[in-house]
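Please open the model in a viewer and keep the selection panel at hand.

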Amino acid sequence: MATGSTDFRRQITVTASLVVCIVGSMIGVGVFGGTPIAQAAGGALAADSTLLAPATPAFSIWSVVYAGLVGYTVWQWLPSQRSNPRQRALGWTVAASMVLNATWILSVQAGWLYISVLVILALLVTLVLAFLRYSRTRAASWVEAVVVDGTLGLYLGWTSVAVCANIAAALKASGFSGLGLRPEVWSVAVLVVVAVVGVALAVKGHGRLALAAAIAWGLVWITVGRSSDAPESFPTAIAAAVAAALVLGAAITVRARVVAAAA
């Protein structure tokens, strides 16, 4: 009885967190009197603000992520999922991620860039924890693979890129001079780290394509941004493109090996 009650509270919490997340996202696009993220905090997170800022079309991935979170919330209400060990391991973590998502939007709206960095880092840690949990087992069906693994993979992949852009924006706003190094040195170094992390996640996650695709998506739009919009940077554009290819290539290779081994 106690376990069933806990499961119900988890389902309710996930649903309430989704509502908070959606309201936060609507504020983030200018609904309810909010300022669009690209214009908030003095435009610190605009597509042309730093070398690591993805071009504007990149942010359309949020629509897919939010749709996936709605699907996940509905999925976890199915009778078959109420006491499912996977949902018990993921539910509270996913709920926390959605609340953090809304908190990040509100912190940017308030112009608190350094607070927003702390929040998005907390979001990243939460999503990594979810990744480690759902990677332990395989989805029981293709629907679960899409709604659960796919959604959370896209969510983590995009956040992995967004956190870099957020930190870069906060540093620029604070007047960080680069310690005497050219901006391209920093941007390329960060992109190398993203590539290494992306490849590691591909291996750890047994080649989960949604995760790699979201990372590659963000990196490709950094390439587009730095090739066609200020501040232009050829080294950054090339580094982002190479990083995208490495992450996606690693995931495809690992996935192919997993499929071959299971055949």
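The stops below cover a surface patch and then several salt bridges.

This is a predicted model, in which local features need pLDDT of at least 70 and side-chain atom pairs count only at pLDDT 80 or more, while totals for chains, interfaces and linings use all residues. Residues are numbered from 1 along each chain as its sequence is written, and side-chain values use heavy atoms, with hydrogens and water left out.

**Stop 1: the nonpolar patch**

Select W112, Y114, I115, L118, L121, I167, L171, F176, L179, L181, V185 and W186, which form a nonpolar patch on the surface with about 1,100 Å² of accessible area together. A patch is made of residues with over 30% relative accessible area and no salt bridge; like charges are joined within 9 Å, and nonpolar side chains (Val, Leu, Ile, Met, Phe, Trp, Tyr) within 5 Å. Accessible areas come from the Shrake-Rupley method with a 1.4 Å probe, and for residues only the protein chains shown count as cover.

Next, colour helix 4 (113-134), helix 5 (142-173) and helix 6 (183-204), each of which supplies at least two residues of the patch. Helices are DSSP runs (H or I, at least four residues), numbered from the N terminus. Which helix gives the most to the nonpolar patch? Helix 4 does, with 4 residues.

Then centre on L171, in helix 5. L171 is partly exposed, because its relative accessible area is 31% and the classes are buried under 20%, exposed over 50% and partly exposed in between (1.4 Å probe, protein chains only).

**Stop 2: salt bridges**

The count comes to 6 salt bridges, each defined as a side-chain nitrogen of Lys or Arg within 4 Å of a carboxyl oxygen of Asp or Glu.

Select D7 and R10, whose side chains meet in a salt bridge (2.8 Å, N to O). Both residues lie in helix 1 (residues 2-28), 3 residues apart, about one turn of the helix. D7 counts as buried at 4% relative accessibility, and R10 counts as buried at 1%.

Move to D149 and R208, joined by a salt bridge of 2.6 Å, N to O. This pair links distant parts of the chain, 59 residues apart: D149 is in helix 5, and R208 is in the loop between helix 6 and helix 7 (209-228). Both D149 and R208 are buried.

Finally, select R182 and E184, which meet in a salt bridge at 3.4 Å, N to O. Here R182 counts as exposed at 57% relative accessibility, whereas E184 is buried, with a relative accessible area of 16%.
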